[in-house]
Amino acid sequence: MALRSRDLSTTQARRIALAAQGFTDPQPSKTPGRADLKRVLRRTKLVQMDSVNILARAHYVPTFSRIGAYDTGILQRAAWSSNSRPPRLLVEYWAHEAALIPVEDWPLFGWRMNHFREGRYRYTREVLRRNRSQVDDVLAIITERGASTPRQIEESLGIERQGATKGSWWDRGEIKHLCEAMFAGGTLSAVRNDHFVRHYDLASRVVGDVSEVAVDEREAHRQLVSRAASAHGIATVADLADYYRLKTADVRAVLGDLIEDGEICAVRVDGWTDEAYLHRTAKIPRTTERSALLSPFDPLVFFRPRTERLFDFHYRIEIYVPEHKRVHGYYVLPYLLGDTIVARVDLKADRKAGVLQVLSSHIETGQDRAEVAARLADDLTTMANWRGLDTVDVRSRGELAPALQAATRSGRPR
């Protein structure tokens, strides 16, 4: 549907956002492959990462939400394979928090790497100042042996940690902090193994020739804001800033350039306090019929103020909330049906038992429980199959649970 007005309804804005994020693109006609992943990445521009693996690691779910069950090895190879064929598509950096970005976008973060040259966090910067002479030793080890974990580097240097507790997330030796400082500063990049363990390597070996490309800070901001506008379809300044964690002042500084170049135009959305900006490629679908379970870190919903503004859906992740204070659960996924978020479910993969556990299921006000339960049951079955699980077990917590239990019947994926 062509855009003829600068005044848009919230429903139109919502459909623009869904189209921009790939939720109205045709579904693959056969088993999804690398080309389908590339199509998703052209829409989302980045994939946020998270280590929580109670269902699936966060970076795998957005692609599933858009194209259905796919081989996660496709994404893993695209980001972390050491083979040159096919070429690497993605590289890890601090974009929207820890994220996978297209390799060709690496130079757009050179300004951030300069800002982080001494480390991203205060303690890391302190470690770097105390151990600056050891940086060359770390680089020499990595240069010689290739992608390495901090533990492997310590072993090569003959370093033994004092009072180390095996497996502790917070047990980071100083070598780890040196690697983190060089990762943030762009000297090192990283790949990960099947267990999500980061191996540091020279940036030039991971991203290739683009590691030598320099982009002026203002031009980098202009290109990043343009990408954020494309990924959003329609967005406020706050939305645009959040996508790559820019300052709003830096976004405002390049808006005029993007408007003059025809990349975006200013519009008004009914009910929005702030002015919005529409990307030149934005389209309004007449209908949106896709259903999808969304990761808490999906680009469609990861900026919570925008999620509430677009979908009238108040959403907070409760992983760090004490169990007795949680409202909806530990790892809650919003459920998109058409152009509305109609429910949310707390999911857990019991891999040993082969069960997708629905620990709680809640429906949004005004939604048809029978219809939502029927569609959600099918999508839970698809997700269970994708995760290699045999059954769906709906627990009794939540007002949607009785209808969802009935819809899943025996709970066995079909």
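Predicted model: local features only at pLDDT ≥ 70, side-chain atom pairs only at ≥ 80, totals over all residues.
A residue is called buried here when its relative accessible area is under 20%, and exposed when that figure is over 50%.

Let's start with helix H7, which spans residues 135–145. Its buried residues are Val135, Val138, Leu139, Ile141 and Ile142. Look down the axis of H7 and these residues fall within an arc of 160°, so they line one face of the helix. Turn to the other side of H7 and you find Asp136 and Glu144 exposed. What sits over the buried residues? The cover includes helices H6 (122–130), H8 (150–157), H9 (174–184) and H10 (203–207), along with strands S5 and S6. Just past the end of H7 comes glycine 146, with a positive phi of about 85°.

Two of those covering elements, S5 and S6, deserve a stop of their own. Strand S5 (residues 188–192) runs antiparallel to S6, and five bridges join them. As for S6 itself (residues 198–202), five of its five residues are buried, so the strand is largely enclosed by the rest of the structure.

Next, the open sheet. It has four strands in the order S1-S8-S9-S7, with mixed pairing. Strands S1 (7–8) and S7 (234–235) stand at the edges with a single partner strand each, so one side of each has no neighbour in the sheet. Strands S8 (residues 264–269) and S9 (residues 276–279) pair in the antiparallel sense over four bridges.

Now for a pair of single residues. Histidine 232 belongs to helix H11 (residues 217–232). At 3% relative accessibility, histidine 232 counts as buried. Its side chain reaches the backbone oxygen of aspartate 239 at 3.2 Å. Beyond neighbours within four places in sequence, histidine 232 is in contact with Ile16, Ala17, Ala20, Asp239, Leu240, Tyr243 and Arg306.

Tyr243 turns up again around lysine 45, which lies in the loop between helix H2 (34–44) and strand S2 (47–48). Is this lysine buried or exposed? Lysine 45 has a relative accessible area of 17%, so by the under-20% cut-off it is buried. A polar atom of its side chain lies 2.7 Å from the backbone oxygen of arginine 42. Leaving out neighbours within four places in sequence, the contacts of lysine 45 are Ile101, Pro102, Arg227, Ser230, Ala231, Tyr243 and Tyr244. Lysine 45 and tyrosine 243 are 198 residues apart along the chain, yet their C-alpha atoms are separated by 9.6 Å.

Finally, a word on confidence. The protein averages a pLDDT of 92, and 94% of the residues score at least 70. Over residues 166–171, though, pLDDT is below 50, and this stretch has three contacts in the model beyond near neighbours in sequence. Residues 410–414 also stay under 50, and the model gives them 15 contacts beyond four places in sequence.

Conventions
Residues numbered from 1 in each chain as written. Heavy atoms only, no water. Pairing = 2+ DSSP bridges. Helix = DSSP H or I, 4+ residues; strand = E, 2+ residues; numbered from the N terminus. Buried < 20%, exposed > 50% of the residue type's maximum accessible area, 1.4 Å probe, protein only. Contact = heavy atoms within 4.5 Å. Polar contact = N/O pair within 3.5 Å; in protein donor to acceptor, adjacent residues only side chain to side chain. Arc of directions from axis to C-beta. pLDDT = per-residue confidence, 0-100.
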